[in-house]
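Have the viewer open and follow along.

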Amino acid sequence: STKDTQQIPTEEVQLEIYLSNGQKVKVNILTSDQTEDVLEAVASKLDLPDELVGYFSLFLVQERGDGGCTYVRKLQEFELPYVSITSLHSSDYRIVLRKSYWDTAYDSDVMDDRVGLNLLYSQTVSDIERGWILVNKEQHRQLKSLQEKGSKKEFIRLAQTLKYYGYIKFDPCITDFPEKGCHVIVGAGNNELNFHVKLPNDQMKEGSFKVTRMRCWRVTSSVPVANGTANPSSSSKCDVKLELAFEYLMSKDRLQWVTITSQQAIMMSICLQSMVDELMVKKSGGSIKKMQKKRLNGSFQRSDSQQTVKSPPLLDSPDPSREQVVKISTKLSSVSLRGLSSSNSASDISGNDFHGNYAFEGIGDDDL
């Protein structure tokens, strides 16, 4: 990011950071401050203790006309948040503070602190309000009465038992699974990508792909081609098509590629990568606190899949002869795909997780 620092004068500025409930925090930073510096400034402004900073991240979010919001990506370590947000020249974008871990066991560390508890509570309330967490009438009644009593901890404990708690939900998009052209709502959480699919016959199916059974994934971008040439005049941002594809162990010895076509493909891959990183940290007996400290000392070991973490993955047009594959199998080498969860356990997805009579076995790989 030295290039950026040279281009813009280093000066003090005020940056607005939003909490998930729409509240604003104004921090005084330098234009040359990196993500980590800004995160620490927000934490100190909120009185969030140092040892909890690593439990949160800053995300670039786009507000939509319908009151919803789209998570574009997590701000990367080397980024200059001030430059990132001002260079978008649009008031639709904001930087949002949100928890950045997946395992709900870490909630209790955060809830031990008053500020941590408030942040987690307001995020949970807004996730319920925007329909990211599913709540039935009875649960809604219980949550409301806990709110009225001001029992934030019990509110969160009840929320932890609800469907999709701790998931990030993506905008509706398209997948080729279980067949081409299916509309899908993807959620990332609980070490999986969850699919809520509408089949061409309007039947709804749901199922999950465990990150421990993904052999690798890649993000590609392509520009629509007209008359055999990419049309330069039409290559505005919205014309670029982004895809996330992952190779999945469907059954003991059957791998299949699954593709999601979504403008949020990069954010999805960042989620997958951070799930794998968290599993590895836990496996080695580390903690989020230690992960944070290590990163500050620059001794955090990077694996060969660093490109998805370090920056949005290098995008390139799909070119079968030169596929950009981010291997997580190498990262999991000591663990092996079977090590993290016994992959043949019934709880792990094999196609029959898609409720209904849709067996994966019936799906052809012919177009892959």
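## Terms and model

Two strands pair if DSSP finds at least two bridges between them. Helices (H or I, at least four residues) and strands (E, at least two) are DSSP runs, numbered from the N terminus.

This is a predicted model, in which local features need pLDDT of at least 70 and side-chain atom pairs count only at pLDDT 80 or more, while totals for chains, interfaces and linings use all residues. Residues are numbered from 1 along each chain as its sequence is written, and side-chain values use heavy atoms, leaving out hydrogens and water.

## The sheet

Strands S3 (residues 56-63) and S5 (residues 93-99) run antiparallel and are joined by seven bridges. Within this pair, Phe 59 has Val 96 of S5 as its bridge partner.

The open sheet has five strands with mixed pairing, ordered S2-S1-S5-S3-S4. S2 (24-30) and S4 (69-74) are at the edges with a single partner strand each, so one side of each has no neighbour in the sheet. On average, neighbouring strands are turned by 45° against each other, direction ignored.

## Helices on the sheet

Helix H5 (residues 114-129) lies across S1 (12-19), S3 and S5, at about 115° to S5. Axes are lines fitted to C-alpha atoms, for helices over the stretch in contact, and angles run from 0 to 180 degrees between N-to-C directions. Helix H8 (residues 265-283) also packs on the sheet, touching S3 and S4 (contact means heavy atoms within 4.5 Å). The direction of H8 makes about 55° with that of S4.

## A buried glutamine

Gln 256 belongs to strand S15 (residues 254-261). Gln 256 is buried, at 4% relative accessible area (buried means under 20%, with a 1.4 Å probe and protein chains only).

Definitions and conventions:
Buried means under 20% relative accessible area, exposed over 50%, partly exposed in between (1.4 Å probe, protein chains only).
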